[in-house]
Amino acid sequence: MDAYFYIVLVVGLVSTVICLTAGLLKKAPNDTTILSVAAVELSLLVYLVGSIIRVAGGETIAGEPWEFWGYLITALILPIGAVYWSILERTRWSNFVLAAVGVTALVMAARMNQIWY
Amino acid sequence: MTEKSSPGDTGRASGGSLPATGGSLPATGGAAPKDTRNTGPGRLLIAVYAVFAISATARAGYQIITKFSEAPLAYLLSAFAAVVYLVATVSLAKAGRTWFKVSVAAVLVELLGVLVVGALSVFDSVNFPHETVWSLFGRGYGYIPLLLPILGLIWLYRRRPAPKPAKGS
C-alpha cells in the first residue's frame with residue numbers, strides 16, 4: 001500500500017464519519033458533508049495525477065493497466081454522482097448516500113494498489 | 001391538491017401512513033401520488049444498488065473478455081448478477097405499479113441468487129472455485145449482497161402500491 005492509498009483511506013474514512021454522523025443527527029446534506037465528499041474527490045485526483053506522472057516517468061503497472069485506469073475513473077465519477085443524487089432530495093438519507101462514497105473510494109483505492117503492485 | 005374526489009376516496013386516503021413530502025414531484029397523471037420508491041431511504045438503497053450494478057458489470061465484463069474459458073459458468077453468473085443489479089437499480093428509481101413488480105422480481109431473484117450461489121460456493125467449492133459477487137454469500141463485498149435484497153424487500157413492502165380501487169360496479 002502506497003501513500004496514495006493512505007491519503008484516500010484517511011480522507012475517505014473522515015468523510016464517511018462526517019456524513020454518517022450528520023445523517024444520524026437527522027441533518028440534510030450541508031456544506032460540511034458535501035465538502036468532505038469533495039475532499040474525497042480531491043484525494044482521488046491526487047491519485048490520478050500521481051499515477052500519470054509515475055507512468056510517464058517509466059513505472060509499469062504490474063496488473064492490467066486498463067483495469068487500474070477503469071477503477072480510477074469510476075472512483076472519480078462516484079463522488080460527483082453521489083453529490084448530484086443527494087442534492088436532488090435533501091433529506092438525512094442523502095447524507096447516508098454521501099457516507100457511502102468514502103468507504104467505496106477506499107475499497108477501490110485498495111484494489112487499485114493491488115493492481116499496481 | 002386534488003379537489004376532484006371520486007366516491008370511495010375518503011376511505012382510502014388514510015391508507016398511506018407516510019406523509020406526503022412537501023414539494024414532491026408532480027404525480028404522473030395524478031394516478032398514484034405515493035407510488036414511488038425513490039425517496040428517503042430508497043435513495044440510499046438505489047445508490048448502493050447502482051454501485052453494485054457498476055462494479056458487477058465491470059467485473060463480469062472483465063472476466064468474460066479476459067478469461068471466459070477458465071470458468072464459463074461462474075462468469076456467466078457474474079454477468080447475470082450484473083443484469084439483476086441493473087434491473088433492480090432502474091426499477092427502484094421508477095414510479096408506478098409495473099416498476100414495483102419489476103423491483104420485487106429483481107430483488108427476489110437477487111436474494112435467491114445470493115443464497116443459492118453462496119451455498120454452492122460453500123458446499124461445492126470444487127465446481128465453484130471462481131469468484132462471483134455472490135460467492136460465499138458476498139463475503140468479498142462485506143456481505144452487502146446478502147443484506148441488500150433483505151433491505152430491498154422490506155423497503156418494497158413498506159412502499160407497496162395501494163390496492164387497486166374496485167373497478168366498474
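On the α2(B) side the meeting residues are Pro41(B), Gly42(B), Leu45(B), Val48(B) and Tyr49(B), and on the α5(B) side they are Leu148(B), Leu151(B), Gly152(B) and Trp155(B). Contact between two residues requires their C-beta atoms, placed from the backbone, to lie within 7 Å. By class, this contact of α2(B) with α5(B) has 7 nonpolar residues, 2 polar and no charged. Ala, Val, Leu, Ile, Met, Phe, Trp, Tyr, Cys and Pro count as nonpolar, Asp, Glu, Lys and Arg as charged, and the others, Gly among them, as polar.

The model is predicted: local features need pLDDT of at least 70 and side-chain atom pairs count only at pLDDT 80 or more, while totals for chains, interfaces and linings use all residues. Residues are numbered from 1 along each chain as its sequence is written, and chains are lettered from A and ligands numbered from 1 in the order in which they are written.

Chain B as a whole has 5 helices and 0 strands, and its elements run α-α-α-α-α from the N terminus on. Helices (H or I, at least four residues) and strands (E, at least two) are DSSP runs, numbered from the N terminus. Of the 169 residues of chain B, 33% count as buried. A residue is buried if 20 or more other C-beta atoms lie within 10 Å of its own, exposed if 12 or fewer, and partly exposed in between, with C-beta atoms placed from the backbone. Among contacts in chain B with a separation of 6 or more, 61% are between residues 24 or more positions apart.

Helix α4 of chain B covers residues 97–123, and its 27 residues should span 39 Å at 1.5 Å a residue, which agrees with the 39 Å between its end C-alpha atoms. The expected span is 1.5 Å times one less than the number of residues. Buried residues in α4(B) include Phe100(B), Val107(B), Glu110(B) and Gly118(B). Among the elements that cover the buried residues of α4(B) are α3 (72–93) and α5 (144–158) of chain B.

Most residues other than glycine have a negative phi. Phi of Phe137(B) is near 60°, a positive value, and Tyr143(B) also has a positive phi of about 60°. Phe137(B) counts as partly exposed because it has 18 C-beta neighbours inside 10 Å. Tyr143(B), with 14 other C-beta atoms within 10 Å, is partly exposed.

In chain A, helix α1 (residues 3–24) and helix α2 (residues 31–56) pack at an angle of about 165°, with their axes 9 Å apart. That angle makes α1(A) roughly antiparallel to α2(A). Angles under 35 degrees count as roughly parallel, over 145 as roughly antiparallel, 65 to 115 as roughly perpendicular and the rest as oblique. The crossing of α1(A) and α2(A) is left-handed. The residues of their contact divide into 14 nonpolar, 7 polar and no charged.

Ala99(A) sits in helix α4 of chain A and is buried, with 26 other C-beta atoms within 10 Å. Leaving aside residues up to four places away in sequence, Ala99(A) touches Thr16(A), Cys19(A), Leu20(A) and Gly23(A).

Where do the two chains meet? The contact takes 13 residues from chain A and 11 residues from chain B. α4(A) supplies the largest share of the chain A side, 6 residues. The axes of α4(A) and helix α2 (residues 41–67) of chain B come within 7 Å and cross at roughly 25°. These two helices are therefore roughly parallel to each other, and the crossing of α4(A) and α2(B) is right-handed.

Conventions:
Axes are lines fitted to C-alpha atoms, for helices over the stretch in contact, and angles run from 0 to 180 degrees between N-to-C directions. A crossing is left-handed if the near helix is turned anticlockwise from the far one by less than a right angle, and right-handed if clockwise.
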